[in-house]
2 protein chains.
Amino acid sequence: MPNRTNKTGDAKIETWARLLRVSRNLLERVEAALKRDGLPPLAWYDVLLELRRAGKPGLRPFELQERILLAQYNLSRLTDRLVEAGYAERRPCPDDGRGHLLALTEDGRDLLRRMWPSYRAAIDSEFGRKLSPSETQKLMAVLDRLDRD
Amino acid sequence: MPNRTNKTGDAKIETWARLLRVSRNLLERVEAALKRDGLPPLAWYDVLLELRRAGKPGLRPFELQERILLAQYNLSRLTDRLVEAGYAERRPCPDDGRGHLLALTEDGRDLLRRMWPSYRAAIDSEFGRKLSPSETQKLMAVLDRLDRD
DNA sequence: AATATATAGATGCAGATGCATGCAGAGTCA
DNA sequence: TGACTCTGCATGCATCTGCATCTATATATT
C-alpha cells in the first residue's frame, strides 16, 4: 500500500527549499561584505583563483569554464572585465588558433591577496562559526552525494 | 601555539566552496528542467505559492518580501510581470494607502498546479533521489544551524 | 585537397538585477 | 494643523545574464 502521508518525500521537498534559501542568503551576505569593503564580486575571485592555480601557462577559457561552472558567454564577458581592469591578460594560444590563454597579471595576484582577508572573514562569520567541525564534515559528506551522477 | 596546519579552517573553507558550487548547480538544473517543459522560472513559483498560502486576502509586497527573501525592487518588478501575465492581481489596500494587496488569480492557481509536477520531478531527480532519508535529515539539521543569528 | 562538421570564443539583443532615488501616504510631535 | 521623519513601493539608469547566432579555426570524411 502506497504511503499516504508521504512523509519522506515531504521532508525532502522541505530540505530542498531550505537549501535554496540558506545558500542564497549566505551568498548574498558574503557578497555584501565584499562590497562593503570596496571589493569586486565573488565571481572575480573565483576566476582569478583558478588562474593562479593554473600558474604560468594560464588556462584556456573552456577549461576555466568547466572548473567554475560558468556559462560560456558569461565567462567570456567576465574575462573581458577582468582584462579591462588589468587583473588578467589574454595571450595567443600556440596550439589552437581559435582560442587564447588567460593568465593572471601582477595586479590580479595582488587583488586576490587583498580580497582574501575580507572573503575569509565573511565566510567565517556567516558560515564557519555556525558549524562545529563534525557538522562541517557531515555537510561535506552530503554535498558529495549531491554532486554525483 | 597557533595551529600551523589550520586543518579545521581549511575544511570549512572547502565545505563553503562546495556548498556554493553544488547549490548553484542544482538550482541551474532545476531551472533548466522547468524551462524545458515550457514553464516560467522558479521565482514565479515561489511567489505564487506564497500567495496561495496567504489565501483570499492576499499579501502586502513587503510581507512577501520577507517570506521569499527577495530584494524590494526585485519583487516589485517580478510582481509586475506576474500581474502582466495574469497570474496575480493588485488590489487596493484598505488600511494603508501607500501599498496594495497581491492576490492569486485563477490562472495563477492553475499555473501552480501545472508547474508542480515538473518541479517535483526535477527536485527528485537532482536532489531527492541522491539522498537517503537520514542524509536528508542531517542536511536539514545543518541548514538549521546555518540559518541562526 | 575539397567539403562537411564540430569546437572555441565573441557578440547583438532582450530580459533581469542592483543601486540610487523619487514619491506618496503614514506616524510623530510641536 | 503644519513640519519632520519614516515606510511602502516604483522607477531611471547602468550592469549583468540568457539566448541565439556569428566568425574563425580545427577535425573528420571522402
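Reader: Does Leu19(B) count as buried or exposed, and how many C-beta neighbours does it have inside 10 Å?

Author: Burial is judged here by counting neighbours: a residue is buried if 20 or more other C-beta atoms lie within 10 Å of its own, exposed if 12 or fewer, and partly exposed in between, with C-beta atoms placed from the backbone. Leu19(B) has 23 such neighbours inside 10 Å and therefore counts as buried. This is a predicted model, in which local features need pLDDT of at least 70 and side-chain atom pairs count only at pLDDT 80 or more, while totals for chains, interfaces and linings use all residues. Residues are numbered from 1 along each chain as its sequence is written, and chains are lettered from A and ligands numbered from 1 in the order in which they are written.

Reader: Where in chain B is Leu19(B) found, and which residues does it touch?

Author: Leu19(B) is part of helix H1 (residues 7-36) of chain B, where helices (H or I, at least four residues) and strands (E, at least two) are DSSP runs, numbered from the N terminus. Once residues up to four places away in sequence are set aside, Leu19(B) touches Ser23(A), Leu139(A) and Leu143(A); two residues are in contact if their C-beta atoms, placed from the backbone, lie within 7 Å.

Reader: How many residues does the contact take from chain A and from chain B?

Author: Chain A contributes 36 residues to the contact and chain B contributes 36 residues. On the side of chain A that touches chain B, helix H1 (7-36) and helix H6 (133-146) each supply at least two residues, and H1(A) gives the most, with 16 residues. Sorted by class, that side has 18 nonpolar, seven polar and 11 charged residues, where Ala, Val, Leu, Ile, Met, Phe, Trp, Tyr, Cys and Pro count as nonpolar, Asp, Glu, Lys and Arg as charged, and the others, Gly among them, as polar.

Reader: What rotation and what shift superpose chain A on chain B?

Author: Two copies of a chain are related by a rotation about an axis and a shift along it. For chain A and chain B the rotation is 180°, the shift along its axis is 0.0 Å, and the RMSD is 0.1 Å, from a least-squares superposition on the C-alpha atoms of residues with pLDDT of at least 70 in both. The two copies are therefore related as by a two-fold rotation axis, and the same surface serves both, since 100% of the contact residues of chain A recur in chain B.

Reader: Which elements make up chain A, and in what order do they run?

Author: Chain A has six helices and two strands, and from the N terminus on they run α-α-α-α-β-β-α-α. The C-alpha atoms of chain A fill a box of roughly 65 × 35 × 25 Å along the principal axes, and buried residues make up 24% of its 149 residues.

Reader: Which residues have the most contacts inside the largest nonpolar core?

Author: In soluble globular proteins, nonpolar side chains tend to be buried together. A nonpolar core is a set of buried Ala, Val, Leu, Ile, Met, Phe, Trp, Tyr and Cys residues joined through C-beta atoms within 7 Å; the largest one here has 58 residues, and Leu48(A) and Leu48(B) have the most contacts inside it. Beyond residues up to four places away in sequence, the residues that Leu48(A) touches are Tyr87(A), Ala88(A), Leu104(A), Gly108(A), Leu111(A) and Leu112(A).

Reader: Which residues are the closest to DNA strand C?

Author: A residue is near a strand if its C-beta atom, placed from the backbone, lies within 6 Å of it. Of the 20 residues that surround DNA strand C, the closest are Phe62(A), Tyr73(A), Ser76(A), Gly99(A) and Gly97(B). Two or more residues of this surface come from each of helix H3 (61-68) and helix H4 (72-84) of chain A and helix H4 (72-84) of chain B. H4(B) gives the largest share, five residues, and the surface divides into six nonpolar, six polar and eight charged residues.

Reader: Which residues come nearest to DNA strand D?

Author: Around DNA strand D there are 20 residues, of which Gly97(A), Phe62(B), Tyr73(B), Ser76(B) and Gly99(B) come nearest. H4(A) gives the most to this surface, with five residues, and by class the surface has six nonpolar, six polar and eight charged residues.

Reader: What is the phi of Leu69(A), and where does this residue lie?

Author: Most residues other than glycine have a negative phi. Leu69(A) has a positive phi of about 55° although it is not a glycine, and it lies in the loop between H3 and H4 of chain A. With 14 other C-beta atoms within 10 Å, Leu69(A) is partly exposed. Leu69(B) also has a positive phi of about 55°, and its place is in the loop between H3 and H4 of chain B.
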